Amino acid sequence: MLKSLWKRDPGLALTGTLLLISSKATKIMVPILYKNIFDHMETLAGGSASAGFISPDFGSAALASIGILVLAHMAARSIAEALQSINDIIFARSMQLVTRDLGTRALRHLLSLDANFYVRSNLGAITRVMERGMRASSAVLSRIFMHLVPQTAELMIVAYIIYAKAGFTMAAGAVLTVLAYAGFTLNTVQRRNKYIRAMNEQDNQATGKILETLSNQDVVTGFNRQDHQVKEYTETLVSYQKAQMGSIRQLSFLNFGQRTIEAIGQGILLLNTCIMVQAGSMSLGELLMVNALLSQLMMPLDHLGSNYMQLSQGLVDGRE
């Protein structure tokens, strides 16, 4: 898939990669600019973050400098979102090229097979497999290159910044939270995959049963087999729904576990931050920056589970 994308339009692929890197770098700059605003206010006030409220009685030059920092903060947020939006458009176009290539190659392969293959095969199941395979190719690339890889890089950079500003304990706590979250997600999604595979199998059978029945409607009617065909189709739907309920139960358990791990990890990290402020080892600007980085560190976790599930389901569909 990657070779197909690079071969069709290397410029598009390179542009998307550069935009993705730029958007992540700009996004990380936002909390740092937030810190600079409050540190600058503290410097102008001539006080410390823990000494009390900062006096607002600044001169016009001081207010202008603070205003410039605020505008830079606002611009960084807007630019990060703009870069991400442009990259989404470029990546969607790239996925269209890849999906079209894969669909064309799959159809050419099917047309090259001999007649015995079509006699032995369930055409309804083949069409469903081909449809899911094309959808899976887009899902896999999207989840890997638009979410999992950028999020992993962002988490590493943010963890390093926290380590530089707040010490090893805070950085280790952030990394352990991410690892616990990822490990729980991986384990639960692996259990859910067996239900997804069962759903795909029953879906193939149901589609094939409908096409077989309708294409041989005269034979079914002639031998009075309507009730038998409906019974078999109903049994297939029941099996599909049982697998679907198993998948839903695993998904509910996954959501509960993810939120619990996230809440515990973030609560411990915020408690450590408050202790450092109380001890006077962290300024107001650093406190706000670390808290903003912690929130930024946790935000991708909200999508990690869904991204991994869609990636895993895409791989399951693609294997068919």
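So, of the 320 residues you see here, 38% count as buried. Keep in mind that this is a predicted model. The protein exposes about 18200 Å², and carbon and sulfur atoms supply 64% of that area.

What about secondary structure: how many helices and how many strands are there? We have 10 helices and 0 strands. Reading along the sequence, the pattern is simply α-α-α-α-α-α-α-α-α-α.

Helix α6 covers residues 168-215 and helix α8 covers residues 226-278. They pack at an angle of about 170°, with axes 9 Å apart. Since the cut-off for roughly antiparallel is over 145 degrees, α6 counts as roughly antiparallel to α8. And what is that contact made of, by class? It has 21 nonpolar, 20 polar and 7 charged residues.

Let's look at some side chains in those two helices, beginning with the glutamines. Glutamine 202 sits in helix α6. Buried or exposed, what do we think of glutamine 202? Its relative accessible area is 14%, so it goes down as buried. Leaving aside neighbours within four places in sequence, glutamine 202 is in contact with Thr236, Ser239 and Tyr240.

Over in helix α8 there's glutamine 250. That one is buried too, with a relative accessible area of 16%. If you don't count residues up to four places away in sequence, glutamine 250 touches Thr188, Arg191, Arg192 and Tyr195.

Tyrosine 195 comes up again with another α8 residue, methionine 245. Methionine 245 lies in helix α8, and at 42% relative accessibility it counts as partly exposed. Methionine 245 and tyrosine 195 are 50 residues apart in sequence, and C-alpha to C-alpha they are 8.6 Å apart in space.

Okay, salt bridges. How many does the structure hold? The count is 2.

One of them is lysine 209 with glutamate 232, where the closest N and O atoms are 2.5 Å apart. This pair links distant parts of the chain: lysine 209 is in helix α6, glutamate 232 is in helix α8, and they are 23 residues apart.

For anyone asking about the cut-off, a salt bridge here needs the nitrogen within 4 Å of the carboxyl oxygen. Where do these two residues lie? Both are in helix α8, 3 residues apart, which is about one turn of the helix. Arginine 259 is partly exposed, with a relative accessible area of 43%, whereas glutamate 262 is buried, at 10%.

So, to wrap up with the two bridges: lysine 209 and glutamate 232 link helix α6 with helix α8, while arginine 259 and glutamate 262 both belong to helix α8.

Note on methods. Residues numbered from 1 in each chain as written. Predicted model: local features only at pLDDT ≥ 70, side-chain atom pairs only at ≥ 80, totals over all residues. Heavy atoms only, no water. Axes fitted to C-alpha atoms, helices over the stretch in contact; angles between N-to-C directions. Helix = DSSP H or I, 4+ residues; strand = E, 2+ residues; numbered from the N terminus. Parallel < 35°, antiparallel > 145°, perpendicular 65-115°, else oblique. Nonpolar A, V, L, I, M, F, W, Y, C, P; charged D, E, K, R; others polar. Buried < 20%, exposed > 50% of the residue type's maximum accessible area, 1.4 Å probe, protein only. Areas by Shrake-Rupley, 256 points an atom, 1.4 Å probe, with all protein chains shown as cover. Salt bridge = Lys/Arg side-chain N within 4 Å of Asp/Glu carboxyl O. Contact = heavy atoms within 4.5 Å.
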